[in-house]
Amino acid sequence: MKKQAIITGATSGIGRATALRLAALGYDIVATGRRADRLETLRREVEQAGAACRTLCFDVRSEEECEKYLDPIEQVDVLVNNAGLAAGLEHIDRGSTADWDAMIDTNVKGLLYVTRIVSRKMVAAGSGHIINIGSIAGTEPYENGAVYCASKHAVHAISQAMRADLLASGVKVSEIRPGMVETEFSLVRFHGDRERADRVYDGVTPLTGDDIAEAIAWIVQLPAHMNVNDMVLMPAQQAGAYYTCKKISKP
Ligand code: NDP
Ligand code: 8X3
């Protein structure tokens, strides 16, 4: 049987690029997300690349749905915990509870629900590789981002602790913590405001989903004795959450 990878949040951005990259590498793909039409388009593209593709349309915030869709999967070689979002960019006194809940329930609790189901299969098999998509926000809290940063700090802590939990089982855990990647991330953060989202990338050549997918492809091909614990990736024009060198030509 071919190796199989589950990628959560594969309808867009980093997750979609990863599904296509791992398919090209010879993995069969299980792609998840909430948008059925996007999953169907991805399925066709993965199959054109010569891999099998199962699509699972569900919300990672629901523990019940995670169990229903993921528990029946027998073999998982790679899990990419990618589904996530930022919602809003506000000072704490103006934050929205709905935004806070969406980020914590998806980025933290959703990742935990998915991980428990898949990791118990990997532990039983004595092998597997879990790659969590964290963020530079997981170590650098910034103004207006308290809850998103808190959720990614949680991902950073969970990644380190689960690496220890799974150490003796033969299951590897890696975390990738990107800086600025141009995807639908900012469009989602600004609740569909396209102009504001586009301004984030003005004057910068950001990373792309393909860049992160390439890193994931490299990590999963490393020899059995070697693991990437934590990988920070940024555009060359970014030095951290607070430092971006924008090149904007003056009129
Ligand atoms: P996108 O918005 O392009 O993709 C996010 C993906 O997550 C979509 O496929 C979306 O699918 C899925 N998703 C969101 N909420 C849920 C949910 N409740 N249940 C299931 N799937 C969900 O953004 P990115 O590709 O940029 O984001 C991917 C990950 O990368 C996130 O964890 C993000 O925090 C992280 N990241 C992004 C950076 C960036 O600058 N872009 C930098 C650092 C980290 P659907 O809507 O169909 O459910
Ligand atoms: C996304 C990158 O800098 O907007 O995690 O937090 S940032």
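Select Thr106 first: leaving aside neighbours within four places in sequence, Thr106 is in contact with Val60, Arg61, Ala83, Gly84, Leu85, Asp101 and Leu111, where contact means heavy atoms within 4.5 Å. This is a predicted model, in which local features need pLDDT of at least 70 and side-chain atom pairs count only at pLDDT 80 or more, while totals for chains, interfaces and linings use all residues. Residues are numbered from 1 along each chain as its sequence is written, chains are lettered from A and ligands numbered from 1 in the order in which they are written, and side-chain values use heavy atoms, with hydrogens and water left out.

Stay on Thr106 for a moment. Thr106 has its place in helix α4, helices (H or I, at least four residues) and strands (E, at least two) being DSSP runs numbered from the N terminus. With a relative accessible area of 11%, Thr106 is buried; buried means under 20% relative accessible area, exposed over 50%, and partly exposed in between (1.4 Å probe, protein chains only). The side chain of Thr106 also reaches the backbone oxygen of Ala102, at 2.6 Å.

**The nonpolar cores**

Next, select Ile7, Leu22, Ile29, Ile176 and Ile216, which touch the most other members among the 30 residues of the largest nonpolar core. A nonpolar core is a set of buried Ala, Val, Leu, Ile, Met, Phe, Trp, Tyr and Cys residues joined through side-chain atoms within 4.5 Å. To trace this core through the fold, colour β1 (4-7), α1 (13-24), β2 (28-33), α2 (36-48), β4 (78-81), β5 (128-133) and α8 (209-220), the elements that give two or more residues to it. Helix α8 gives the most to this core, with 5 residues. In soluble globular proteins, nonpolar side chains tend to be buried together.

Centre the view on Ile7, which touches Gly15, Thr18, Ala19, Leu22, Ile29, Val30, Ala31, Thr32 and Val80, when residues up to four places away in sequence are not counted. A second, separate core has 24 residues, among them Val30, Ile73, Val76 and Met122.

**Ligand 1**

Now display ligand 1 with the 30 residues that surround it, of which the closest are Thr11, Ser12, Arg34, Tyr148 and Thr183; a residue is counted here if one of its heavy atoms lies within 4 Å of the molecule. A polar side-chain atom of Thr183 lies 2.6 Å from an oxygen atom of ligand 1, an N or O atom in the side chain of Arg35 is 2.9 Å from an oxygen atom of this ligand, and for the side chain of Lys152 the corresponding distance is 3.0 Å. The protein covers 96% of the 880 Å² of accessible area that ligand 1 has on its own, such areas coming from the Shrake-Rupley method with a 1.4 Å probe, and for residues only the protein chains shown count as cover.

Which elements give two or more residues to the shell around ligand 1? They are α1, α5 (146-165) and α6 (185-189). By class, this shell divides into 12 nonpolar, 12 polar and 6 charged residues, where Ala, Val, Leu, Ile, Met, Phe, Trp, Tyr, Cys and Pro count as nonpolar, Asp, Glu, Lys and Arg as charged, and the others, Gly among them, as polar.

**Ligand 2**

Move on to ligand 2, which is surrounded by Ser135, Ala137, Tyr142, Tyr148, Gly179, Phe185 and Arg189. Here an oxygen atom of the ligand is 2.5 Å from an N or O atom in the side chain of Ser135, a polar side-chain atom of Tyr142 lies 2.6 Å from an oxygen atom of the ligand, and for the side chain of Arg189 an N or O atom is 3.4 Å from a ligand oxygen. Of the 240 Å² of accessible area that ligand 2 has on its own, the protein covers 82%. The shell around ligand 2 has 4 nonpolar, 2 polar and 1 charged residues.

Select Arg94, in the loop between β4 and α4 (97-125), which counts as exposed at 52% relative accessibility. The side chain of Arg94 makes a polar contact with the side chain of Glu90 (3.4 Å); a polar contact is a pair of N or O atoms within 3.5 Å, and within protein one must be able to donate a hydrogen and the other to accept it, with residues adjacent in sequence counting only if both atoms are side-chain atoms.

From Arg94, draw a C-alpha to C-alpha distance to Asn144: the two are 50 residues apart in sequence and 9.4 Å apart in space. Asn144 lies in the loop between β5 and α5 and is partly exposed, with a relative accessible area of 26%. Its phi is near 75 degrees, a positive value in a residue other than glycine.

Finish at His191, in the loop between α6 and α7 (194-199). Is His191 buried or exposed? At 54% relative accessibility, His191 counts as exposed, and His191 has a positive phi of about 50 degrees although it is not a glycine.
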